[in-house]
Amino acid sequence: FDDDNEEDEDEEADNIGTAEMPPQILSHPISVRVKAGDTVILPCQVIHTDNYVVVWLKDDKYLYFESQKYTEDDKRIVRLPNNSLVIYNATVEDSSNNYKCSILQNPHSIDLTHRLLVDENPRQESTPPQYSHKGIIRVRPSKKVEVNQGHNITLGCETDIQPPPEIKWFIENKKVDGYDPDVILDGNYITIKKVNESHSGLYQCLAEDGSETPAMEAINVVVNSINTFAFAADKPKIEVERIVYSGTGVDSEITCIVSAHPVALVMWYKDDKLLTQKKGSIMMFHRIIPNSNKTKHILKILHPSTQDFGEYKCRADNAIGHVIRSIILTGVPSQAKISGAKMTDDDAGIILKWHLESYSPISEYKVQYRRKGDPEWNFIEPEVKDGKGNQYIVECPIPELLPGSYEAILKARNEFGWSLDSEPHTFSGDYPPDLALKGNSATVRSPGTFLALILVVLSCAFTSNLLQPKQH
């Protein structure tokens, strides 16, 4: 605990004169009343949020966690790059007194709450709208466009707003800036050449007039494909790599592959504390895995220190249930894997070879071996040689072997501790036939010599109880 306090004091000293500005929401709460079919913009302008997560909720259910979608209606309910929430073709079901934009921080979040009422029937003309755009935008060819894969398509937005505003285009909340050579921007129009599945999505045009709530519209593009997937509702499933090996200062990625229907909210924890993005330290992002209902969630630790090593948890929640999986980020060497074997020069022993990774210099190896049936283990400490980068090769001669079947295990140590034991590996030696394995060649030898040593790699050949090493 004393060390932690010293580090906290050092951090405070480093931050003198560079105090972080507190996050703020600049927008004000609004009450909006519209008729069914209208487009609604709920503003949420924020500042100083680089190290914080900004979320949108409706009735305390997540719609967006940063840019990550948690509404199945994400083609109609969209979070913009400026963090406003847009609802296209509003329905009565969208009505709520609790649309909340929140900046997550400890101990309390910063919240902005809007109210929305959607009328099923048009209001009386005598009732002035409480919220409206200065003008309208017309989309071309329509608000929903279906196109077959491989065809070309042109989308357009026209407006009667005066003076004419600049029309800005966004695809799934990303500004069109030439990153896709098949998407050509020409003023108020976009042409997509040789449409493919990646071009499906919501194309938004915004009339930038300098106001907080500029007029905007959207076109939902659906690309017809032969691949159709249907998934039954179920609680999330998570696939993880249980151990991630790293080192101090080495950027590390922890991944969590989630499959869920309905869509799942994914959160990361360390030492049971919720993690949020932190500029220069923690990044969180996700990638949709094509042709599946799986999403790869990635927690990236930048320039980790020893305090960053430990247990991380990935939690996925949806309406059906939740699942949690643990991942260990560690600086110890990786579990060694067998990579080869050859006879010793006198044909009386064997040289086993393993490879492993370590981001810190290896200080010690330990090999334990025994003939099957023997109660005692024999121990050897192979020579430690410099690795190439983080890759290490271990060669361990085991001399003067008697005929029989043997098992061997290797572990390695660096400044962070011992690696896991390697999986048990079995090799055997027999007398006739008169063959001796030397490198990759077979050579005839005279009887009476230990003739053949054959490496047999067996993963999980024995239970961990049988292979528990004797204390040494």
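Which residue lies over the face of tyrosine 312, and at what distance from the ring centre? I looked this up and found lysine 270 there, at 5.7 Å from the ring centre, where a charge sits over a ring if NZ of Lys or CZ of Arg is within 6 Å of the ring centre and within 35 degrees of the ring normal.

I note that this is a predicted model, in which local features need pLDDT of at least 70 and side-chain atom pairs count only at pLDDT 80 or more, while totals for chains, interfaces and linings use all residues. Residues are numbered from 1 along each chain as its sequence is written, and side-chain values use heavy atoms, with hydrogens and water left out.

**Rings**

I also found the charged end of lysine 411 over the ring of tryptophan 418, 4.9 Å from its centre. My search of the whole structure for aromatic pairs gave 3 (rings of Phe, Tyr and Trp, the last by its six-membered ring, with centres within 6.5 Å; stacked if the planes are under 30 degrees apart, edge-to-face if over 60, tilted for the rest). Tyrosine 62 and phenylalanine 65 are edge-to-face, because their planes stand at 65 degrees, with ring centres 5.7 Å apart. Of these, phenylalanine 65 is buried at 7% relative accessibility, whereas tyrosine 62 is partly exposed at 25% (buried is under 20% relative accessible area, exposed over 50%, partly exposed in between, with a 1.4 Å probe and protein chains only).

Tyrosine 406 and phenylalanine 427 are stacked, since their planes are at 5 degrees, and their ring centres lie 5.4 Å apart. Tyrosine 406 belongs to strand β35 (residues 404-414) and phenylalanine 427 to strand β37 (residues 425-430), so this pair ties together parts 21 residues apart in sequence (strands are DSSP runs of E, at least two residues, numbered from the N terminus). I recorded tyrosine 406 as buried at 6% and phenylalanine 427 as buried at 0%.

**Salt bridges**

I counted 15 salt bridges in the structure (a side-chain nitrogen of Lys or Arg within 4 Å of a carboxyl oxygen of Asp or Glu). Arginine 76 and aspartate 73 meet in one of them, at 2.7 Å from N to O, and Asp73, Arg76 and Asp94 are linked in a network. Arginine 76 is buried at 14%, while aspartate 73 is partly exposed at 29%.

Lysine 143 bridges to glutamate 217, with the closest N and O atoms 3.5 Å apart. Lysine 143 lies in the loop between β12 (137-140) and β13 (144-148) and glutamate 217 in strand β20 (residues 216-224), so the pair joins parts 74 residues apart in sequence.

Notes:
Helices (H or I, at least four residues) and strands (E, at least two) are DSSP runs, numbered from the N terminus.
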